[in-house]
Amino acid sequence: MVIILVVLAGVAFDPLAPLPGVPAIVMLILQIVHSLPRPRRLVGPWTLVAQALLFVWAGQGAPGLLTASVLLIARGPARWVLAGAVVAVTGLLNTADVYTCVNAMVNALTQGLVVFGVTRLNDLRAELHAARNELAEASVAEERERASREFESVLGSSLSAITALAAQGRTGEIVTLARRAAARARRAPPPQAQPPFDDLTPRLALPILVTVHLGFLIVSAVFLWRAAPPPAVLAPALLILAGVTGLQLRHSWPRPPGVRPAHARWTLPLQLALALAPLLFPERPYPQLIGYAAGSLLILWTRWAAFPVVGAVLAVTSVVMALRGIAPVDNLYWTFNALAIAVMFHGLALHTHMVAQVRQARLALAGIALERERRRIARDVHDLLGYSLSAIVVKAELAVRTPERSAEQLADITRIAERALADVAAIPRDSGRPLSLATELASAREVLSAAGADVHADPVIELPADIDALLAMVLREAVTNILRHSRARLCRIELTSQDATARLRITNDGVTDADADTGTDTGTDTHADTDAAPPGQGLRNLTQRVSAHGGSLRTSRVPGGYELLVLQPTGFGRDADGVEPVAGP
């Protein structure tokens, strides 16, 4: 807001008329109403009409203010037509000579664009900042939709086929298909791609920036042409003008936060030297370029470093012009003109950078949210569907070994596949119901017993809902690992709670040497496809879940087998990073 007010003062104030008239004061007040967020609710067609009636008598800066107001208030293509009309009328009111006409028109255009750009970019920065999570939400929604389509086409079709095969009693094909689907469920998520996004930098930001620089370049070039210096002076002056303007555009161009333009340690002193050089031209000094260099100092340096240097540059400019015989009034005008130009370039560049920074922040938030959602989906697919598919394999193998019980096992396969189909639909939406430790314990007894293991389990104890769901997920993954990586004949599930800490200990006697050595869910997996993810993903998932709730998970070899131990505080709530509660079917 301060930048907007300073820019407005630079446009509206004329040092040669230090006491502005009533029309100029009213014009400026109306422009403040148009440009500042809070008073803007007073804006209406009447304020624009009032400015239009005043700008002929309001003096310097009035055409630029009216151009800015037209661009801010009018809508659609009409605003550009009306802005062009204001510029044209300004030219018709200043027909003393070509320079006066061109200077008035270009000033009306460039000053109007600066005020419009600073005002609108400030609005857009605030809007983008307020809506900075919208891109993240959209990216997550799109990822969920993509995952839903992929799961439906791969896992969903496999589970539907398993249900059909179960109805036909084709157990051998069920085993093959379930193993393939389980390998897909265990596969690690693909590398993160850039989230989809539209270019959030306002479409007008860069055109305005370029147009303003081009406008100042034209005005300065016409001034030099009108001054008619000798060709030996005019040629280098035009080259210096082009160089200073180009460097100014380079310094003002949006860039990532904390990144300076390449070679700025050379380009900034070069621009300053080029801007000061015309002060020493023979016959008369040309101070028009000082504002460019001062603007670059404000753009590239911190305010505490830039302010005294800018002040020193303006003071040197004023002293040199006085020594060169420039009248005090003209000296004051050009010094103020340089300051106004510096403030305009600084304000426009500053707000363009702010918008670009908000864009980068939104994109970064979207990337973080997208990666988190991908990991959440991959984790839930691994933990939820991996168990169901492993259970289907066990049931199908049992049906092959015991034909007299095949009808019962096939009925269980159908039930498990239908529940897994519900998981396929629920996981991308993160809409599944929390798991129940009692339900998972009963399921573990059934599946492990079907796999030939003797199960000894403590009764379920009452726990907070989120801890109950968490330990249910741990139990489900532990059973999945036992089914995949061991030939356990004895499994113990111990569950206690003491001193506000729940303790879940799961042991089995089917550990392999590889399992014991690594302490992870490794070992020989005769059921895994060659494209399965590297082993260990399940326990990494569990460790992350438990840690997010303030607990600890440890796996190790113990006498007679393998142990998974969880110590979980029962009073621990949602983690500080906002990790979602454990969800399941």
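1. Surface. The protein chain exposes about 26600 Å², and carbon and sulfur atoms supply 63% of that area; accessible areas come from the Shrake-Rupley method with a 1.4 Å probe, and for residues only the protein chains shown count as cover. This is a predicted model, in which local features need pLDDT of at least 70 and side-chain atom pairs count only at pLDDT 80 or more, while totals for chains, interfaces and linings use all residues. Residues are numbered from 1 along each chain as its sequence is written, and side-chain values use heavy atoms, with hydrogens and water left out.

2. Overall make-up. The protein chain has 19 helices and five strands (DSSP runs numbered from the N terminus: H or I of at least four residues for helices, E of at least two for strands). Of its 585 residues, 51% are buried (under 20% relative accessible area; exposed is over 50%, partly exposed in between; 1.4 Å probe, protein chains only). Among contacts (heavy atoms within 4.5 Å) between residues at least 6 apart in sequence, 75% join residues at least 24 apart.

3. Helix pair. Helices α4 (residues 62-73) and α5 (residues 78-92) pack at about 170°, with axes 8 Å apart. Axes are lines fitted to C-alpha atoms, for helices over the stretch in contact, and angles run from 0 to 180 degrees between N-to-C directions. The two helices are therefore roughly antiparallel (over 145 degrees; under 35 is roughly parallel, 65 to 115 roughly perpendicular, the rest oblique). The α4 side of the contact includes Pro-63 and Leu-66, and the α5 side includes Trp-80 and Val-86.

4. Sheet. Five strands form an open sheet in the order β1-β2-β3-β5-β4, with mixed pairing (two strands pair if DSSP finds at least two bridges between them). β1 (454-457) and β4 (552-558) are at the edges with a single partner strand each, so one side of each has no neighbour in the sheet. From one strand to the next the twist averages 10°.

5. β4 and β5 (residues 561-569) run antiparallel and are joined by seven bridges; Arg-554 stands opposite Leu-565 in β5. Helix α17 (residues 465-485) packs on the sheet, touching β2, β3 and β5, with its direction at about 10° to that of β3. Helix α16 (residues 437-450) lies across β1 and β2 (490-498), at about 160° to β1.

6. Asn-508. This residue belongs to β3 (residues 501-508). Asn-508 is buried, at 7% relative accessible area. Leaving aside neighbours within four places in sequence, the contacts of Asn-508 include Ile-482, Cys-491 and Tyr-562.
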